[in-house]
Amino acid sequence: SRPEMVLRRIDSLCELQAAGLKDVWIGIESGNEKIRKEILNRKMSNDEILKAFQTIRGLGLQSKSFNIVGIPTESIREIIDTFKINLKAKPDKTSYYTLMPYPGTKIWDIVHEMKLLVQIPDKDGYFDDKSNIQAGAAPAPGVLNTGPLNRYHIVSFRYLWYLFFYRSKWYRLDVHLKYISSFIFWFAKGLVEQVRSPIFKS
């Protein structure tokens, strides 16, 4: 659902809960309002997002957030904004996906104009699923850079996400260290790529 719809349809939400609704999944996408409005065409404010999760929690429902990293023009600071809003919203579960641009969309046009695409889709317009870096997927570079960041940086933030939001694994030191070392490895690989390619700017 969209956070603004949750706030506008609280009565409907209560009716659905009475009918057996247990949890609500909300698309945050990005924690940065400028990225959401200018690139993703999502007009909701951060306050609306936080109020939506608070409303769901107040009704006794479980919540899950959907998030996207690797958006055109996105910087490290804007990725961190996505971490921060999830920490404030306190969803019961989170999902982390990399952006997959598809032909015919505004983002596809932006990606081509900025020359950010590093993998070409097949004849049907689909990318290799392994390049969609999501929860539980094998680590692999994505299909595009953001401009300020490259696809290796984007992989690295996946491991920070695990460290912050996969709380059930925090007690395992080996997993904790794996996430940290994987973040360092992929981020360093991104820095090497940044030096080699003049397209990236800090």
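1. Basis of the model. Because the coordinates are predicted, local features are reported only at pLDDT of at least 70 and side-chain atom pairs only at pLDDT 80 or more, whereas totals for chains, interfaces and linings use all residues. Residues are numbered from 1 along each chain as its sequence is written, and side-chain values use heavy atoms, with hydrogens and water left out.

2. Overall composition. The secondary structure comes to eight helices and three strands, where helices (H or I, at least four residues) and strands (E, at least two) are DSSP runs numbered from the N terminus. Read from the N terminus on, the elements follow the order α-α-β-α-α-β-α-β-α-α-α.

3. Among contacts (heavy atoms within 4.5 Å) between residues at least 6 apart in sequence, 71% join residues at least 24 apart.

4. The sheet. Three strands form an open sheet in the order β1-β2-β3, with parallel pairing. The strands β1 and β3 (93–98) stand at the edges, each with a single partner strand, so one side of each is left without a neighbour in the sheet. Neighbouring strands of this sheet are turned by 20° against each other on average, direction ignored; axes here are lines fitted to C-alpha atoms, for helices over the stretch in contact, and angles run from 0 to 180 degrees between N-to-C directions.

5. Strand pairing in detail. Strand β1 pairs with strand β2 (residues 62–69) in the parallel sense over six bridges, and six bridges also join β2 to β3, which run parallel; two strands are taken to pair if DSSP finds at least two bridges between them. Towards β3, lysine 64 stands opposite lysine 93, while the bridge partner of valine 69 is threonine 98.

6. Serine 63, which lies in β2, counts as buried at 5% relative accessibility. Not counting residues up to four places away in sequence, serine 63 touches Val24, Phe53, Ile56, Lys90, Pro91, Asp92 and Lys93.

7. Helices α4 and α5. Helix α5 (residues 76–89) lies across β1, β2 and β3 and runs at about 175° to β2. Helix α4 (residues 46–58) packs with α5 at an angle of about 30°, with their axes 9 Å apart. The contact is made by Asn46, Ile49, Leu50, Phe53 and Arg57 of α4 together with Ile85, Lys88 and Ala89 of α5. These residues divide into five nonpolar, one polar and two charged, where Ala, Val, Leu, Ile, Met, Phe, Trp, Tyr, Cys and Pro count as nonpolar, Asp, Glu, Lys and Arg as charged, and the others, Gly among them, as polar.

8. Backbone angles worth checking. Most residues other than glycine have a negative phi. Glutamate 29, although not a glycine, has a positive phi of about 70°; its place is in strand β1, and glutamate 29 is buried, with a relative accessible area of 15%. Asparagine 41, again not a glycine, has a positive phi of about 60°; its place is in the loop between α3 (33–38) and α4, and asparagine 41 is partly exposed, with a relative accessible area of 47%.

9. Serine 45. Serine 45 lies in the loop between α3 and α4. Leaving aside its neighbours within four places in sequence, serine 45 is in contact with Glu33 and Arg36. The C-alpha atoms of serine 45 and glutamate 4, which are 41 residues apart along the chain, are separated by 8.8 Å.

Terms used. Buried < 20%, exposed > 50% of the residue type's maximum accessible area, 1.4 Å probe, protein only.
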